[in-house]
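Visitor: I'm new to this one. Could you walk me through it?
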Amino acid sequence: MQMEFAGFPYLSAILLSCLAGLLLILFIPREKQLQIKWVSAIFSGITLLLAIYLFFAYDKSRGGLQFVEKLEWIPYLGIQYFNAADGFNLPNLLLTGIVFFTGVLTMWEMRERVKEFFALYFLLVIGVYGLFMTMDLFFIFVWYDVSLIPMYLLIALWGTTRKEYAAMKLTLYLLAGSALILPAVLYLVVNSGLNTFDIVALMRPGTFTPSQQKFAFILLYLGFGILAGVWPFHTWSPVGHVAAPHAVSMVHAGVLMKIGAFGVLRVAIFLCPQGWQHWAELMALLAAVGIIYGVLAGLRQTDLKYVIGYSSVSHMGIVGLGLSTLTVDGLNGAVLQMFAHGVMTALFFSSVGYIYDRTHTKAIAELGGLSRIMPVASSYFIVAALASMGVPGLANFWAELLVLISAFRVYPVRGLLAIIALVFSALFMLRVVQQTFYGPNNEKYATLQDVTFGLGMPRMILVAILVLFGLYPSLMLDMIETASIPFINGLP
Amino acid sequence: MAVLWSKDVTLLAAVAATLAPFASFVLIMVFTRSHPRLSAGLSLSAAGISLICALALLAGHWDMPEPIQYSGNWLASGDIHIPFGYLLDPVSLLMLAVVAVIGFLILVYSLGYMAGDPGFARYYALMSLFLWAMMCLALSPTMFQLYVFWELVGLSSYFLIGFWYEKFSASQAGKKAFIMTRAGDVAMFVGVILVLLNLGNLNILDMDNPSIAGRIPQNLLTLSALLIFGGIIGKSAQFPLLTWLPDAMQGPTPVSALLHSSTMVAAGVYLFERLFPFFSLSPHAMAAGLAIGTISMLLASTMAMVSRDIKEIWAYSTISQLGFMLMGLDAGSFFSGAFHLTTHAAFKALLFLCAGVFIHKFATNDIFELGEKGSRNLRVPMVCTVIAAGALAGLPPLSGFFSKELILAGLAGLANPLWLAAALLGVFLTAYYAFRPIFIVLFPHHSTSSQKASSASPDSGHEDAHDQAAYRLMAIPLLILAGMTLLLGFFQYPLQDFLKYQYAYLGIPADRHYGWLPYVASFLAFGGVGVAWVEFGRPGAARVGFVERIPILFRLFSERWYLDHLYRYLLERVVDKGLSHIFAQNDNKVIDGSIDGLGHGTVESGRIIAFLHTGMIQYRLLAIFVVMVLLSLYFFF
């Protein structure tokens, strides 16, 4: 049995601390809600700290795969437990840690079936973490399904609007995605003749013929693309966002959609680069349409969470557009956008969560004038809206800048379409901000309390991160470049 | 950075000037939001630091043959490099000084104007944010940095216009301002990318280098110049994106004075100055700019002639003066635009601050009401308003006369006399609309009603020491600005000397002097004042303008040439009820409909198949029979 560990297995430690938290939650009696919350906060905090450590400990000058953990599992089938970190997955691991931890804090005031909620929540995040760190195709598939099942339960049990419909729709869509991914994965593994699921081994140039790559790529792209909310397979996501409880919306929009985009990058693009080059034009078209479509369809929404859902469709279009450009800048922008959008959308849902818990409505028409009553809580939402509009000084600006520049260079018309969408995204967000937070004092809500320091914590963290990477984008981009430059240079 | 920043005094001053307001913004937002006085103190001291540094920089580099540039790495991705830095040359130092001086004076003024407002601390935080962004914009060495801060000044403008967000009209105006300028910015963004893709970088000095003509094809150069000009149109509220500026007057008056007249909207003109050599390489872009400037100038003048709202009148006058600046620059006369920007900043800020005193005192914007309530009794602001309006009208020897005369001289040098004629018409209209409100306020019909009005006014009940103190505090900046308006015109030659190195390599011919031009211009200006006097000032005047006697024109002008109607129509019909509606319906009906249909179809087909498996023997037999028949048909035929 082969084993390869480069020092302390930090990546597995992340999974293990999730697992430990999950087990501990299962052993705490259900009446002790506060204990459950504390355990959740502590263990999610540990995973966040580990992710932060990895982010800074990664040797950018060396690049490549680091913190490798390799363990043969089923040698007969070539399946390995193989985790590693590089410039593409570290931002996503950090993002998962941030959203996970702040999601727990957002649910601090929860009262119903707390134990089950947090147990499922931990299970969901294990799948997400696992998927981001694995380098084995088989495990990608396993982790994908690990994260899928808790999602169904979380929405169907704790959700709000049309929750059964949304949960079923989401599950069916995502299973349809995996029904496309599985045959493609098996097709690739069988045709490689290497008898391995190891991505590093499979991605060597010349493993697959161009026609094999073209065939497999489109299946993988559509399969993962469904999860990434690629137009026209996006309608599950706004519905799902709306129905899910706040923390689940945060993970759902913040991280789960990134899994789709990350899968496109890690599996489809890594294994089938020539298929990528072949289908890039189509990817760019779908992405550009999604960007402007999401914004315009969002203009008519009347529910705060629907609004955010449609903005996610548009922003994930930016990721897709970046991935389709076949350039370093495009990849950099796309990965940065995954991170920035994840943080931003977590901030959105976290803020809406606070507002909904107080006012018991998400209908924009019923809100209004909240800025006077809860200025701090409102300003968190407004910061997220600004990030969504691509205002400089927040992380999203740089991601959009890079993607739009490289897209305009490669596909002028589609790039232009995406740039024009900037005007409508401003219109879209400012309208919501105006109708929800501005306007005369709303008598109905006059007695509501503004967010306290403790409850504001998750949003504060998220705002700080957006500003940090907004003012100092190199911190993240230098990391992504260690992966994107060698990858683009290594293309045939 | 090439030099250690602490060793280089110039760099230190630039860093301090730009960083101080940012620090005060962060400190106020994070720590002192609930302490209004402390916040104002922080903001004022930061603005003070900026002022000292800016003036020191200006004085220390009065003679600067070569631009000084500092840059450090901000972001590098693939082949896109975005540095952060400072570009110090005469035009940027002048802009920095203008921003710092006006900004500081207006922050002092705001102590009185905003006193007691529940958002006092927020106000000072946002003003600091604006000052930071505006100064970084002025000193940007690259178009990237300029674009970043260009967006940030727009953002602070959005928040400051909607400062009193309980008012629907205020939040609406903020939104409108942001989105209309965004529309221009998108054009500019595309233009900037075009330059980047062809030139490889966005250094302003590289873009201004005449050798760029050989590196970018002429067509692309023209296209990108026109697109960048789109950003200027948005930011400086030129035709056709001019209607956001009058609405922006919903913000507090000091905000209008700082952002929406003297500095932020002038950023568009400043960008033109910045890229003057770049634009002048493309004659088509220059011609288009000249046309846009002229149209905006005339349109805004006509709108100002019929408005009754004092701030709105001054807002229209801002648009028309910005149009004048662009006309001067597009005519190829660099100094005239820069000079008019400087003088305009002083007198326009003064006009707004005076209007602010009236509004603060009488709680109305209507010029007729202001006159009836006795604004003329407020001596200092009234005198200052007359001085500033004189400068706006271009009456000698006030500052506006000198700078406007230079623009006219530039236009007189053009081959086509049409532009000069339009500008001279503009001079006449400017004088008319500037003095129309003055005469209305100065010579109200019912001057005896001042006592009645004072009791009606809600604020005048507490005419106490506090009000007096606020009034005095607000008067100091007025006097300083009035002094500048009186004297700045005589600094034409020192300023010209200071700016002589700017773009010296272009070899711009010295502005020709036309002996007759000043006389014609002043004659027209006095003529405009005279017409206003006849209609509004003289005893027994009907106080009805000549435009108001022509109903069609009056409606056209007061409806802003129906531009807003057009935009509203487009927004409602094309965007809201058109695209947005179609897309949302597509999601609900087509995509979700087909997916749900697929789901129902599966369930239904399951039901039909389940029907066969109900365990009833007759169905089994029937099925067996049918299958047998089909099989036999298949095998035997």
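Guide: First a term: two residues are in contact if their C-beta atoms, placed from the backbone, lie within 7 Å. The model is predicted, so local features need pLDDT of at least 70 and side-chain atom pairs pLDDT 80 or more, while totals for chains, interfaces and linings use all residues. Residues are numbered from 1 along each chain as its sequence is written, and chains are lettered from A, ligands numbered from 1, in the order in which they are written.

Visitor: How many residues does the contact take from chain A and from chain B?
Guide: Chain A gives 38 residues and chain B gives 35 residues.

Visitor: Which helix has the largest share on the side of chain A that touches chain B?
Guide: H17(A), with nine residues. Helices (H or I) are DSSP runs of at least four residues, strands (E) of at least two, numbered from the N terminus.

Visitor: Now H15(A). How many of its residues are buried?
Guide: 12 of its 15 residues. Buried means 20 or more other C-beta atoms within 10 Å of the residue's own, exposed 12 or fewer, and partly exposed in between, with C-beta atoms placed from the backbone. Among the buried ones are A:Tyr380, A:Phe381 and A:Leu386.

Visitor: What do they pack against?
Guide: Several helices of chain A, including H12 (304-324), H13 (328-359) and H18 (453-471).

Visitor: What comes just after H15(A)?
Guide: A:Gly390, which takes a positive phi of about 75 degrees.

Visitor: And strands E2 and E3 of chain A: parallel or antiparallel?
Guide: Antiparallel, joined by six bridges. Strands pair if DSSP finds at least two bridges between them. A:Glu69 stands opposite A:Asn83 in E3(A).
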